[in-house]
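Here is a brief report on one protein model. Please keep the sequence and the 3D view open as you read.

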Amino acid sequence: MPVYPPILKRGDTIGIVTLGSPLHSDTINNSISFLRNMGFQIVVGNYVYSDDGFLAGTDEQRASDLMDMFKNPKVNMILPTRGGVGVLGILPYLDYEVIAANPKILTGYSDISVLMNALYQFSDLVTFSSLLLFDFRATTPAYNFDQFFEATSKVVAPRVIRNPPNRALSSKVAGNVTGPIVGGNLSSIVDTLGTTYEIDTKGKIIFLEETHEPINKVYRMINHLKIAGKFNDCAGIVMGECTECQTAYGTSYNDLIDEVLVPIGKALMTNLASAHGIYKAAIPIGAVANLNTYNNTLTVLEPTVSL
């Protein structure tokens, strides 16, 4: 059974961690100030400001920061600074029983996707493909904050995940299916294949998005998932944006979806505002949802936080 973390309230304490690549200290500090001005208390992990090339400390150090936040009874929510690379490396050093016993809101996207799916698979914890620390700034669209707080600060169900105005969802294959949502960043999810932390898509609605990759490389990754059987046993497919992905050899992202995913025949929705896009829907990883492409809706069926 999925474990829903306690609700987030103004005045709660947010634990800041860097779990993959480093982020400039000024950016970190500016977003921490923004959160404090919103009324939140802040606890900063020991290795948040670490910078060892493309990683922010060793795998063990970054994992210890995350575990410290789960163990700290004062921390209500855990907020990674960014994704980048390297999050897969911390997974062997996590205590999934301790995490299950101390459920907390965790939000993010990009390489944080591998962590969110691991927490669902090994701790039953529902997490959120939503804002990272650096998204807490004045230029972030109100839609993103509305989505985030609706998912984390309200006990409400059902919740229809809607795109912002003038960004229509598109249903490519008809179907009406129900199952837990899994997935996230395509390249990060592909990295889990063949590992202990390989994504489980059986009976699930798989959500995928990508950024800054040429379409021939996106094809390679989608085809990898296809050959690995991840679309064969899933209930349905939701494709987010491919932000700043370059057309390759005359093939666009939409062409790729039509040529590779549509023939699979699973309920398929595309163009969900998410993750690396400017607009970010709050997508609960592990929560049960209904994908109805007859009426073009994705609906979360249960509250994603608890009182």
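## Largest pocket

The lining of the largest pocket divides into five nonpolar, eight polar and four charged residues. Here Ala, Val, Leu, Ile, Met, Phe, Trp, Tyr, Cys and Pro count as nonpolar, Asp, Glu, Lys and Arg as charged, and the others, Gly among them, as polar. The space in this pocket is about 210 Å³. Its lining has 17 residues, and Tyr109, Phe134, Asp135, Arg137 and Lys280 are the closest to the centre.

Pockets and cavities come from a 1 Å grid over the protein atoms alone. A pocket is an open set of points with protein on both sides within 12 Å along at least five of seven lines; a cavity is a set where a 1.4 Å probe fits but cannot get out. Lining residues have an atom within 4 Å of a point. Grid points are joined across faces, edges and corners, and a volume is the space filled by probe spheres set on the points.

## Basis of the model

This is a predicted model: local features need pLDDT of at least 70, side-chain atom pairs count only at pLDDT 80 or more, and totals for chains, interfaces and linings use all residues. Residues are numbered from 1 along each chain as its sequence is written, and side-chain values use heavy atoms, with hydrogens and water left out.

## Second largest pocket

The second largest pocket has a volume of about 180 Å³. It is lined by 17 residues, of which Gly84, Asp111, Asn185, Ser187 and Ser188 are the closest to its centre. Helix H6 (186-191) and strand S9 (205-211) are the elements that give two or more residues to this lining. H6 gives the most, with three residues. Helices (H or I, at least four residues) and strands (E, at least two) are DSSP runs, numbered from the N terminus.

By class, the lining of the second largest pocket has four nonpolar, nine polar and four charged residues.

## The six-stranded sheet

Six strands form an open sheet in the order S2-S1-S3-S4-S5-S12, with mixed pairing. Strands pair if DSSP finds at least two bridges between them. S2 (41-44) and S12 (283-285) stand at the edges with a single partner strand each, so one side of each has no neighbour in the sheet. The twist averages 30° from one strand to the next. S1 (residues 13-17) and S2 run parallel, joined by four bridges. Ile16 has Val44 as its bridge partner in S2.

Helix H1 (residues 25-37) lies across S1, S2 and S3 (77-80), at about 150° to S2. Helix H2 (residues 59-71) also packs on the sheet, touching S1, S2, S3 and S4 (105-108), and its direction makes about 170° with that of S1. Contact means heavy atoms within 4.5 Å. Axes are lines fitted to C-alpha atoms, for helices over the stretch in contact, and angles run from 0 to 180 degrees between N-to-C directions.

## Cavity and backbone details

The structure holds one cavity of 30 Å³ or more. Residues lining the largest cavity include Glu150, Lys154, Arg159 and Glu302. Its lining has four nonpolar, one polar and four charged residues.

Most residues other than glycine have a negative phi, and most peptide bonds are trans. The peptide bond from Ala157 to Pro158 is cis, with omega near -5°. Pro158 sits in the loop between helix H5 (142-152) and strand S6 (159-160). Asp124 is not a glycine, yet has a positive phi of about 65°. Its place is in the loop between helix H4 (112-123) and strand S5 (127-129).
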